[in-house]
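This report describes a structure for a reader who has not seen it before.

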Amino acid sequence: MTDEKGWMCGKILSELGADVVKVERPGGDPARDIGPFYHDIPDPEKSLYWFAYNTNKRGITLNIQTRRGQEIFQQLVTGADFVIESFSPGYLSGLGLGYSQLSEINPKIIMTSITPFGQTGPYKDYKGCDLVAMAMGGFMYVCGDADRPPVRISIEQAYPIAGAEAAAGSLIANHYRILTGEGQHVDVSMQECIAREIFMELCFWDALREIPVRAGQCRRRMTAYQRDIWPCKDGHLGFRILGGRFGAETLQALTEWMDTENMAGSLKGMDFESLDMSKMTPAESDELENTLCQFFLKHTKEEIYQKAVEKNMLLCPGYTPRDLAEYEQLKERNFWAELQYPELDTTIKHPDGFLRSSEVKCQIQKRAPLIGEHNEEIYGQNLGISKGELAHLKKEGII
Amino acid sequence: MNSRAKSNRDRLPLEGVKVLDFSIAFMGPDLTRTLSAFGAEIIKVESIYQHELTRVSAPFKDNVAGINRSFVFAVMNTGKYSITLNLKHPRSAEVVKRLVTWADIVVENFAPGSAEKYGLDYEQLRELKPDITVLSLSAQGATGPYSMHPGYGFNLLALCGFSHLTGWPDREAAVPVGAYTDFILPWFAIAAILAALDYRLRTGKGQHIGGSQLEISPQFLIPAILDYTANGRVQTRCGNRSSSASPHGAFRCRGDDRWCVIAVSSDEEWETFCTVIGSPEWTKDPKFNTLWGRKDNEDELDKLVEAWTVFFTAEEIMTRMQAFGVASGVVQSIKDVVDDPQLKHRRTFQFLEHPELGTHICENLAFRLSKCKVEWKRPAPCLGEHNEFVYTKLLGMSEEEFVELLNDGVFE
């Protein structure tokens with residue numbers, strides 16, 4: 001029953017084999033109006049945003065604000081194992097469909113609620129979205145260039161993170177149900193999900209009472225801010241100057257390569273085994289950084305990556321969505337699923353299941369449902385509602 | 001109240017689940033600490049020659065490095081037992097056999113090839129215990145041309161597409177927090193492990209699960225990937241902009257480096273927003289009436305909004321906006337987050353006593369189960385702290401055998 005905040009939860013359960021039914025309001029989930037759209041045509045049946053996170057699910061429409069709609073929903077709950085929802089706290093209880101009410105109908109039911117701030121507490125009724133969660137959870141404060149406003153990641157992260165945590169929580173509750181036969185209520189806070197992502201900052205605060213700040217391509221490390229993202233000729237790289245056990249081999253190989261182009265500068269002859277960035281003066285580390293930057297800017301990310309793979313260097317290219325879609329590693333591993341979209345007369349390439357199992361297939365098999373696509377199947381076959389009544393329910397705006 | 005219900009109340013959902021944990025860094029340890037919080041027993045296997053990586057990750061207690069002094073290790077390993085075992089010792093195999101027989105689940109992220117060498121790959125483990133569930137975590141998966149390439153979250157986040165999508169369109173890519181791809185993986189792995197436990201209860205079978213940062217990360221970028229695979233468009237970073245809301249950004253407030261965020265989606269919310277800021281003249285300009293109009297004039301709009309926000313504290317903006325139902329929040333620093341009244345209410349941050357760190361903060365999980373309390377049984381272990389307990393009590397070795405193996409250097 002969730003909007004975009006909780007889609008990921010049902011998606012994960014569906015890929016683990018659950019039969020997930022998406023309950024939308026008549027006319028469809030308003031989040032179907034969020035782009036990007038297939039061929040840029042705004043249409044609730046063409047939202048790629050919706051397609052992305054509702055694969056494998058079946059879909060029905062139901063107006064739970066009507067008495068009859070509530071009865072039908074209760075009937076659905078009788079046969080369900082999980083209810084996943086993201087309404088404002090208290091909304092479902094107001095309709096007689098809260099956890100305590102549903103658990104009377106089905107004591108085994110697990111209800112998972114995904115909200116911006118959680119079910120209780122001073123901010124429970126605050127309005128939230130991805131941006132608010134990223135701000136209130138402390139992520140943005142340490143993200144972005146120092147001379148500009150703090151930023152989130154340009155595509156929603158708090159939603160899929162909250163959905164994934166919700167799936168983990170729901171399945172822990174499921175294990176308790178296996179042991180005891182009892183269901184329960186799982187309360188997920190988006191703000192709290194993000195607050196858990198900044199645990200390095202938490203450690204610096206706890207250990208040193210220091211507040212890390214945003215520094216563009218650099219991050220708080222040891223005693224200073226160190227660069228993790230480096231520009232190159234056609235994009236950027238993920239790389240960190242590290243000495244000793246983790247970094248010496250990489251720096252050695254890089255220096256040898258740079259030397260063939262007479263660009264090794266101060267790196268030449270350096271003892272990388274004993275290199276300790278925390279003992280360098282800012283001038284020394286700037287010099288080192290500049291030498292590396294000059295070299296990277298002469299080469300493309302693929303050139304550098306191929307050399308990194310050959311020489312076992314701890315270094316990666318900065319990939320775009322296109323690079324990922326065309327990455328040989330993912331192709332070789334059959335990572336992509338070509339999903340059929342008969343209504344659009346096309347197929348679209350999706351990322352397939354999130355992991356591999358020796359026993360079961362964790363897979364995406366079908367595209368997200370159309371609005372009310374499975375109404376007849378679920379109301380008719382599963383609940384035994386007659387064709388006549390279905391037509392009536394449709395006319396009354398209940399389904 | 002019957003006695004069954006009473007006894008259920010004291011039960012933890014994962015009590016009796018036994019996990020043998022060879023994983024290092026973030027993704028593996030983060031997921032096993034969660035299992036521990038819900039009652040699973042975790043034996044973390046290290047060696048004095050190769051201890052867990054994050055034992056040497058800053059920050060340290062009093063800024064002095066030491067294998068039991070890292071706050072990073074402490075937060076990631078709460079509630080576990082630590083044993084030392086030298087896998088290169090010829091007699092380690094007999095100990096491994098007993099550990100595996102004890103376990104329900106093995107978690108590992110060895111470098112490619114190492115698991116086989118130590119007899120810890122799935123094929124060898126299932127011979128020791130046929131219904132074992134093995135979770136193997138990796139950077140890019142166990143097969144494929146790049147499977148051998150080393151990677152950690154701090155640079156894999158670039159390969160996995162996150163830095164490309166972080167920052168400003170006219171600037172270099174920026175880096176998102178932490179070892180980002182390490183941090184977003186555990187929830188998928190926990191879901192998979194619990195599904196595997198359920199599967200074993202129903203079928204009696206174990207299984208091998210493989211998860212990689214490269215393949216879980218795209219799950220967080222699917223709309224951008226489909227925009228490419230269906231439309232051929234390569235999305236790029238766009239600051240804080242959103243196609244479905246405007247204003248949608250961080251705005252400067254009163255004070256030093258203080259910011260608030262405001263997100264306005266529908267035209268109805270726009271009207272409310274205008275009322276909250278006192279309906280200045282510019283809000284009546286019809287070009288701002290619709291989302292599309294606001295999107296077309298967003299640079300100008302952002303400046304006008306900020307000309308208002310700079311006169312207030314970020315907290316004042318949030319309170320005013322939220323009073324009328326407009327989504328808004330403070331861009332909170334870690335100090336603000338630790339002091340946040342909502343997170344205090346949820347007890348997000350808890351305190352543990354650690355023998356070397358003293359009192360330190362440990363994080364709760366982001367979900368609450370109405371019938372199961374999270375229990376941090378003990379602080380993160382010192383290296384090899386539980387050798388005697390695990391080898392003699394949990395595995396049932398005799399004192400003589402324990403001492404003999406100890407003297408032989410097996411437990412180094």
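## A buried leucine in chain B

Leu301(B) counts as buried because 22 other C-beta atoms lie within 10 Å. The term is set by a count: a residue is buried if 20 or more other C-beta atoms lie within 10 Å of its own, exposed if 12 or fewer, and partly exposed in between, with C-beta atoms placed from the backbone. Leu301(B) has its place in helix α14 (residues 298-309) of chain B. Helices (H or I, at least four residues) and strands (E, at least two) are DSSP runs, numbered from the N terminus.

Leaving out residues up to four places away in sequence, Leu301(B) touches Ser246(B), Pro247(B), Phe288(B) and Arg294(B). Touching, or contact, requires that the C-beta atoms of two residues, placed from the backbone, lie within 7 Å. Leu301(B) and Thr283(B) are 18 residues apart in sequence, and their C-alpha atoms are 9.3 Å apart in space.

## The model and its confidence

This is a predicted model, in which local features need pLDDT of at least 70 and side-chain atom pairs count only at pLDDT 80 or more, while totals for chains, interfaces and linings use all residues. Residues are numbered from 1 along each chain as its sequence is written, and chains are lettered from A and ligands numbered from 1 in the order in which they are written.

The mean pLDDT (the predictor's confidence in each residue, from 0 to 100) of chain B is 95, and 98% of the residues of chain B reach 70 or more. For the complex, the predictor gives an ipTM of 0.97 and a pTM of 0.97.

## Chain A

Chain A has 16 helices and 13 strands. Of its 399 residues, 53% count as buried. Along the principal axes, the C-alpha atoms of chain A fill a box of roughly 85 × 50 × 40 Å.

In chain A, strands β8, β9 and β10 form an open sheet in the order β8-β9-β10, with antiparallel pairing. β8 (229-232) and β10 (316-317) of chain A each have a single partner strand, so one side of each is left without a neighbour in the sheet. Two strands pair if DSSP finds at least two bridges between them. Helix α11 (residues 282-296) of chain A packs on this sheet and touches β8 and β9 of chain A; the direction of α11 makes about 45° with that of β8(A). Such angles run from 0 to 180 degrees between N-to-C directions, and the axes are lines fitted to C-alpha atoms, for helices over the stretch in contact.

Strands β11 (residues 336-341) and β12 (residues 346-351) of chain A pair in the antiparallel sense over six bridges. They form a hairpin with four residues between them, and Asp345(A) in the turn has a positive phi of about 55°. Within this pair, Glu338(A) stands opposite Lys349(A).

## Where the chains meet

The contact between the chains takes 129 residues from chain A and 126 residues from chain B. Helix α7 (residues 158-180) of chain A gives the most to the chain A side, with 17 residues.

Phe188(B) touches residues of both chains, including Ile12(A), Phe354(A) and Ile216(B).
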